[in-house]
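This briefing is for a reader who is meeting the structure for the first time.

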Amino acid sequence: MAELKRKQYMYNFIDGGWNTIWAKTKRGAIRNARDEWKRQGCNLEVDVNTFRVVSHEEVDVMLMMTR
């Protein structure tokens with residue numbers, strides 16, 4: 001059986017803003033993002049309906065838009 005490759009997922013927060021996370025599956029990306037923000041003690045709520053696989057170019061465009 002072939003091993004799943006990690007993909008970069010972009011997601012939004014309920015109150016605004018976005019971030020990315022690397023994971024093999026969408027379910028894993030959601031779990032890891034929730035765990036990451038909880039571990040950091042932030043009150044940011046991940047919007048699970050916004051997770052999507054993105055390319056490096058898409059992330060670059062988003063970063064340029066936030067400048």
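How many aromatic pairs does the structure hold? The structure, which is a predicted model, holds three aromatic pairs.

**Aromatic pairs**

- Y11 and F51 make a stacked aromatic pair, with 4.7 Å from centre to centre and 10° between the planes.
- Because Y11 belongs to strand β1 and F51 to strand β3 (residues 46-53), this pair ties together parts that are 40 residues apart in sequence.
- Y11 and F51 are both buried.
- The ring centres of F13 and W37 are 5.3 Å apart and the planes stand at 85°, so this pair is edge-to-face.
- One aromatic cluster is formed by Y11, F13, W37 and F51.

**Nonpolar core**

- The largest nonpolar core consists of eleven residues: Y9, Y11, F13, I21, A23, A29, I30, A33, W37, V46 and F51.
- Two or more residues of this core come from each of β1, β2 (18-23), α1 and β3.
- The element that gives the most to this core is α1, with four residues.
- The four residues of the aromatic cluster, Y11, F13, W37 and F51, are listed among the members of this core.
- A29, a core member, touches Y9, I21, A23 and F51 when residues up to four places away in sequence are not counted.

**Residue Q8**

- Q8 is placed in strand β1, which covers residues 7-13.
- Is Q8 buried or exposed? Q8 counts as buried because its relative accessibility is 9%, and the cut-off for buried is under 20%.
- The side chain of Q8 is joined to the side chain of T20 by a polar contact of 3.2 Å.
- Which residues are in contact with Q8, leaving aside neighbours within four places in sequence? They are T20, I21, W22, R52, V53, V54, H56 and V59.
- One of these contacts of Q8, I21, also belongs to the largest nonpolar core.

Key:
Residues numbered from 1 in each chain as written. Predicted model: local features only at pLDDT ≥ 70, side-chain atom pairs only at ≥ 80, totals over all residues. Heavy atoms only, no water. Buried < 20%, exposed > 50% of the residue type's maximum accessible area, 1.4 Å probe, protein only. Polar contact = N/O pair within 3.5 Å; in protein donor to acceptor, adjacent residues only side chain to side chain. Contact = heavy atoms within 4.5 Å. Phe/Tyr/Trp six-rings, centres within 6.5 Å; stacked < 30°, edge-to-face > 60°. Core = buried A, V, L, I, M, F, W, Y, C linked by side-chain atoms within 4.5 Å.
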